[in-house]
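This briefing covers charged side chains and how they pair. The entry comes first, followed by notes grouped by topic.

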Amino acid sequence: MKNFYMEGSDKTPSIKLDAESGEMEFSGKSIPENSADLYEPVMEWIDNYIKAPAENTIFVVKLEYFNTSSSKYLLEIFRRFEELFRTGKKVAVQWYYELEDEDMQESGDDFRDILKIPVELIVY
Amino acid sequence: MLQLNYCSPFFVSEKEKILTKMSFIEEIIGPNQEILLSLAWNRSNFLMSGFTEMELNKRSDKIVFSYMGKPTHEMIDLILEMSETKLRIIESNSTIVKRIVNVLIEILQNIFNHGEDFSVVDHQSFKFFLFKRGDDYFIITENFIKTKEVNNLISKLDGYLSMSDEDITRTYRKTLDNGGFSIKGGAGLGLINIIRKSNGNLEYKFSKVDKENSMFRLGVQIKVE
């Protein structure tokens, strides 16, 4: 399975999805008007990954900003990983936020509250 | 303090010119100087009435950025970019800058997704103000919406505004969890987020323009503790 890489822009995140190591990362900004264009290919990749996943999946989120429609896609991606988690695979989300960025910390708390996979909040 | 007023029609093609001008100005006066930039056809055309507290006081409030015209995608990007640039110069608290930009993203994208078809309305179809009063920041927007959607929006806004902080967080999480997918955001998640980030310091007003269209005016205060 090919890895998925996408360069970031002023409105879209840098995306790295590594099928072999199970390491994945979103960083930068995710504020596109049309999140479907950005995230549908990512969802498709993840659906394929889930069929033959790595032993450990680590999903790193280092976002500066994200909009409401991106948050819905983020949740949908995490839901896919919940399915993996239920089958006994190791899955963890690492949610990074800048020191004193209460809002991004709060967003991490939101996902931790909603999800059944471990969500670790990390200051950087 | 330097104040610039562009009281002529502003087009997206002028973006480069203005950004160049801004960096030129910053080069001359230094990045820590306060720059007040107002981009509007004519500031006196802004109708600032009907709100209790969230009124622009032209004498004492400091305008960070203002715009009146059609809200194209390019224009919204420019408002976000320039507001953030200005905020980073005048506000040292980066948490506040990020919070304001976050609220701006929600408000502006919400207007674009739910507002009236802007291609058929005139140059005054959208008004935007970001200003500072004391330590606090205020965002005021005006845009058209369909009159038939007004009651639904009022009941949503009033419902969310009557909630405690804990309830609004619970509602946000529940809506995110169950809201499903919608290109337009849907389910009011953007609105809930705006209310949450502003701690409920929000005012709104609807004015009927004609049978089909109404003006929606939104004021949000971001308090700096």
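**Salt bridges and a buried lysine**

Asp47(A) and Arg80(A) form a salt bridge, with 2.6 Å between the closest N and O atoms (a side-chain nitrogen of Lys or Arg within 4 Å of a carboxyl oxygen of Asp or Glu). Asp47(A) belongs to helix α1 (residues 35-51) and Arg80(A) to helix α2 (residues 68-86) of chain A, so the pair ties together parts 33 residues apart in sequence. This is a predicted model: local features need pLDDT of at least 70, side-chain atom pairs count only at pLDDT 80 or more, and totals for chains, interfaces and linings use all residues. Residues are numbered from 1 along each chain as its sequence is written, chains are lettered from A and ligands numbered from 1 in the order written, and side-chain values use heavy atoms, leaving out hydrogens and water.

Pairs in chain B
- Glu142(B) forms a salt bridge with Arg217(B), the closest N and O atoms being 3.0 Å apart.
- Both Glu142(B) and Arg217(B) are buried (under 20% relative accessible area; exposed is over 50%, partly exposed in between; 1.4 Å probe, protein chains only).
- Asp167(B) and Arg170(B) meet in a salt bridge of 2.7 Å, N to O.
- Asp167(B) is partly exposed at 31%, and Arg170(B) is exposed at 54%.

Whole structure
- Over all chains, 26 salt bridges are found.
- One network of salt bridges includes Glu102(A), Asp110(A), Arg99(B) and Arg173(B).

Lys132(B)
- Lys132(B) is buried without a salt bridge, and the nearest side chain of opposite charge, Glu91(B), is 4.0 Å away (Lys and Arg count as positive, Asp and Glu as negative; His and chain ends are not counted).

Definitions and conventions:
Helix = DSSP H or I, 4+ residues; strand = E, 2+ residues; numbered from the N terminus.
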